[in-house]
Amino acid sequence: MQKGHLLYEGKAKSLFATESPDILWMTYKDDTTALNGARKTAFTDKGKLNNQISTLLFHFLEKNGVQTHLLETLSDTEQLVKKVTVIPIEIIVRNVIAGSFAKKLGVAEGEELAEPIVEFYYKEDALDDPFINDDHVRYLKLATTAEIAELKELALIINTLLQQRFLAADILLVDFKIECGRLNNQTIVLADEISPDSCRLWDVNTKQKLDKDVFRHDLGDLVSVYQEVLQRLLNKTTEV
């Protein structure tokens, strides 16, 4: 498989064509952004770490019945993935009050929710990815009623699996973002990545932040934190 021309360059990853119309070449970048791209810094090896963490978690999810776009990890920063039509919805699952959720509702961070909360955000940089509900999704024709239910169910399944996987590594899964896409046959699969860039992770005991909040709030060395997450995941496994 050969890397072809650049198709898309995002904040953290780039997508390239291959000789197969159904397979793309995805490259993880060292760039790290916050405030919807307003703040940007490159950290050596960050892309490598996110690739390793996401690969590990996608394989874990696949093993437990979740279909993903991942086909093969090619190198420290590169993957082959199935070509999907991305559904422009960021799906957020929250287990603990933190971040924008705490600010929006005027409540303190740290309270564990009685049950997970699923939120949709319209993936549109020009609008700062606004919060949307099911009716908005239907109005914008982003997904059908049946697909909305499928996305929510998939997000909750992934949440349950990831909670157990991270807890085995003494990590609390506070919240996370996923994106999904449709294959040619319209099957919805998990796409994009799952990494400390897209998850809010805390140490179970100390509540130390182990995610991109370290960059957002200048709390320490981002790369060493991501390395710790990877090492914990490698050292601790769980059967589901």
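I took a salt bridge as a side-chain nitrogen of Lys or Arg within 4 Å of a carboxyl oxygen of Asp or Glu.

Notes on the model. The model is predicted, with local features needing pLDDT of at least 70 and side-chain atom pairs counting only at pLDDT 80 or more, while totals for chains, interfaces and linings use all residues. Residues are numbered from 1 along each chain as its sequence is written, and side-chain values use heavy atoms, with hydrogens and water left out.

Domains. I looked up the division of the protein and found domain 1 (3-82) and domain 2 (85-221); the bounds come from an automatic or database domain assignment. Taken over C-alpha atoms, the centres of domain 1 and domain 2 are separated by 18 Å.

Interface. I listed 28 residues of domain 1 in contact with 26 residues of domain 2, contact meaning heavy atoms within 4.5 Å. The two domains bury about 2,300 Å² between them, and 61% of that is on carbon and sulfur atoms. Buried area here is the accessible area (1.4 Å probe) that two parts lose on being put together, summed over both.

Across the interface of domain 1 and domain 2 I noted 4 salt bridges. I also noted 11 residue pairs in polar contact there, both residues at pLDDT 80 or more. A polar contact is a pair of N or O atoms within 3.5 Å; within protein, one must be able to donate a hydrogen and the other to accept it, and residues adjacent in sequence count only if both atoms are side-chain atoms.

On the side of domain 1 that touches domain 2, the elements giving two or more residues are strand 3 (23-28), strand 4 (31-34), strand 5 (39-42) and helix 1 (46-63). Helices (H or I, at least four residues) and strands (E, at least two) are DSSP runs, numbered from the N terminus. Helix 1 supplies the largest share of this side, 9 residues.

Salt bridges overall. I read a count of 24 salt bridges by this rule. In one of these, E9 pairs with K29, the closest N and O atoms being 3.1 Å apart. This pair links distant parts of the chain, 20 residues apart: E9 is in strand 1 (residues 6-9) and K29 in the loop between strand 3 and strand 4.

Aromatic pairs. I searched the whole structure and found 2. Rings of Phe, Tyr and Trp (its six-membered ring) pair if their centres lie within 6.5 Å; planes under 30 degrees apart count as stacked, over 60 as edge-to-face and the rest as tilted. The ring centres of F43 and F215 are 5.6 Å apart and the planes are at 85 degrees, so this pair is edge-to-face. F43 lies in the loop between strand 5 and helix 1 and F215 in helix 5 (residues 213-216), so the pair ties together parts 172 residues apart in sequence.
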